[in-house]
Structures are given as C-alpha cells and as structure tokens.
Amino acid sequence: MSTAILTVTTRLFRRDVRFRVSLIILIPLIIFAVIALFSPYDARSSYYAPINRPPSLSHPFGTNGRGQDLFWLMSFALKNSLVFGLQVALLSRVIAMIVGVIAGYKGGVTDQILIFLCDSFIVLPIFPILIFLRLLTREMDLATLAVVLAFFGWPWDARLIRTQVLSLRERKFTITAIFSGENTWDLIFREYLLHILPIVFATTINNMLWSLGFEITLSVLGLTPLDIPTMGTVTYWAIQQQAMVMGIWWWILFPVIFIILLFTSLYLLFVSITDFINPRERVLTR
C-alpha cells in the first residue's frame with residue numbers, strides 16, 4: 001500500500017504541475033502550523049506584546065490591537081484550522097464509506113432507502129441550520145462544530161462511492177469471490193478498498209475545503225468560539241477593531257494571504273488527484 005502511494009505521488013509530482021505547485025505551497029504551510037507546538041506563548045493569551053506594531057525583526061508579522069504576536073497567532077490559527085478541516089473530513093468519510101458501500105453492494109430496497117437519505121441531506125439548507133444550532137446551544141466549540149459539519153458533509157461522496165461499488169459488484173472477480181465462498185467483509189476490504197481509496201482521498205481534500213469555508217464564514221460572523229485562534233477568528237478580530245481603517249494593514253493582510261494560499265493549494269491538489277483517478281484522463285496522459 002505504502003509503495004503504491006509513493007509511486008503514485010512520484011508520478012504525479014513529475015507529470016502534473018498542479019500537484020507540484022500544491023505541494024510547494026502546502027508543505028511550508030504545514031511546517032508553519034507545526035511550529036505552533038513550540039510557541040513561547042499560550043494560544044489564548046493576549047497583551048504579551050506591544051500593540052499595533054508593524055512587521056519587524058522581533059515581530060515578523062507585526063502585532064495586533066490585542067497585544068498578540070501575529071507570527072505565532074497565525075501559526076496557532078493555521079494549525080487549528082487544518083485540524084478542524086481534517087476532523088470534519090475524516091468523520092464524514094467514515095459515514096460516506098459506510099453508506100456508499102452498503103448501498104452499492106446490497107442494492108434493491110436498501111440502496112433506495114440510503115439514496116433517499118443522501119438526497120434528503122443534500123437539499124438541507126446547512127448554513128441556516130448551523131446558525132440556528134449556534135443560537136440554540138449558546139456556545140459551540142470547534143469539536144462540536146466539526147461533528148455537526150461531518151454529519152452534513154457525507155451525502156455527495158457517499159453517492160460517488162456507491163457508484164464505484166455498483167461497478168465493482170458487476171466485475172468477474174466479485175462473482176468469483178462470491179461463488180468461492182469468500183466473506184463479504186473480506187471482499188470489501190481486500191478487493192473493493194483499493195478501488196475506493198482514491199475517491200475517498202480526493203473527496204477528503206474537497207471536504208476540507210468545504211468545511212474550512214464554513215468555519216471561516218461562521219467565525220467572521222462571530223458564531224464560533226472567538227478566543228480560539230483560527231483563520232476565521234483572526235480575521236474576525238481584525239474586522240471588529242477596524243484594522244484597515246486604523247492603518248494596521250498587516251493584521252488583515254497576513255490572514256488573507258494564508259487563507260488564499262491554503263485554499264489554492266488544497267484546490268490544486270484536489271483537481272490533480274481527481275484528474276488522475278479519472279480513467280479517461282489517465283489514458284490521455286500516458
């Protein structure tokens with residue numbers, strides 16, 4: 001498995017400029033996020049540095065109106081946002097895989113019920129529901145928000161997995177395995193999983209983009225815990241304290257740059273992997 005992943009990664013890096021660019025951007029962002037583990041300051045502390053100082057040698061990204069060093073604050077924010085996106089993506093992938101595999105393999109009434117469930121979740125207005133839940137609970141931490149978004153983030157991807165399983169179910173190796181008495185779960189994990197994983201990985205990246213977009217939007221509106229640094233909450237405080245009006249341009253510039261870089265790298269990675277797992281694209285690029 002690890003050899004296959006390494007081979008695919010090497011091939012993509014050599015042949016696809018989008019994949020190269022995405023890694024060139026994403027790897028430094030991940031390293032910057034890991035630096036947060038070595039911060040001399042607490043993530044939620046404030047007024048430990050001079051306020052509203054422009055970028056300098058002592059404060060590379062400057063400081064904000066809450067007396068926070070933006071270098072370390074952005075490191076915390078990027079780490080928390082990436083962890084949040086991964087939590088949502090992984091939880092929703094589990095649901096999508098369970099629903100998609102069962103629907104595709106069982107077929108019949110089971111398939112119809114599960115697809116109806118998928119379609120019901122697809123048409124739900126997620127944003128108003130999230131606002132309503134936030135007002136209802138009064139306080140929603142990032143872990144709870146991740147679970148809620150994961151609960152809504154699986155239907156499209158479950159349908160993709162179902163389509164793949166429907167195709168695999170009609171192949172000769174499935175018929176041979178069934179007639180030879182192979183256990184259903186052995187068939188799924190030994191044969192189907194290798195075909196499903198590329199779709200799961202690609203949709204994981206897409207789901208991260210989706211969940212990060214929701215987190216930033218909700219945070220800018222003040223609907224997430226504002227004492228926890230994320231890409232959204234850093235932007236929220238800059239807007240609230242009128243950073244641009246006050247001439248504190250660095251307070252809004254660095255969050256915007258990091259958001260653009262993060263979304264660009266994840267999008268390019270998603271498009272590159274999606275094209276790679278598309279059989280027609282693979283034939284054309286051989």
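**Order of elements.** I read the elements from the N terminus on, and they run α-α-α-α-α-α-α-α-α-α-α-α. That gives the protein 12 helices and 0 strands. I note that this is a predicted model.

**Overall dimensions and contacts.** I looked up the extent of the C-alpha trace next. Along its principal axes it spans about 75 × 50 × 30 Å. The protein has 286 residues, and buried ones make up 45% of them. I then checked how far apart in sequence the contacting residues lie. Among contacts between residues at least 6 apart, 70% join residues at least 24 apart.

**Helix α7.** I picked α7, residues 155-169, and checked its length. It has 15 residues, and at 1.5 Å a residue these should span 21 Å. Its end C-alpha atoms are 21 Å apart, which agrees with that expectation.

Which residues of α7 are buried? I found P155, D157, A158, I161, R162, V165 and L168. Seen down the axis of α7, these buried residues fall within an arc of 150°, so they line one face of the helix. I recalled the general rule here: an α-helix has 3.6 residues a turn, so residues three or four places apart point the same way.

I also asked what covers the buried residues of α7. The cover includes α3 (70-106), α4 (108-122), α6 (142-152), α8 (172-179) and α9 (184-220).

**Helix α10.** I moved on to α10, residues 231-240. Here 7 of the 10 residues are buried, so α10 is largely enclosed by the rest of the structure. I listed the buried ones as M231, G232, T233, V234, T235, Y236 and A238. They pack against α3, α9 and α11 (249-277). After α10 comes Q242, and I noted its positive phi, near 50°.

**Cavity.** Rolling a probe the size of a water molecule over the atoms shows where empty space is left. How many cavities of 30 Å³ or more does the structure hold? I found 1. About 100 Å³ of space lies in the largest cavity.

I counted 15 residues lining the largest cavity, and the closest to its centre are R66, Q68, L73, L226 and W237.

Conventions. Residues numbered from 1 in each chain as written. Predicted model: local features only at pLDDT ≥ 70, side-chain atom pairs only at ≥ 80, totals over all residues. Heavy atoms only, no water. 1 Å grid on protein atoms, 1.4 Å probe; cavity = no way out; pocket = protein on both sides within 12 Å on 5 of 7 lines; lining within 4 Å. Points joined across faces, edges and corners; volume = space filled by probe spheres on them. Helix = DSSP H or I, 4+ residues; strand = E, 2+ residues; numbered from the N terminus. Expected span 1.5 Å × (residues − 1). Buried < 20%, exposed > 50% of the residue type's maximum accessible area, 1.4 Å probe, protein only. Arc of directions from axis to C-beta. Contact = heavy atoms within 4.5 Å.
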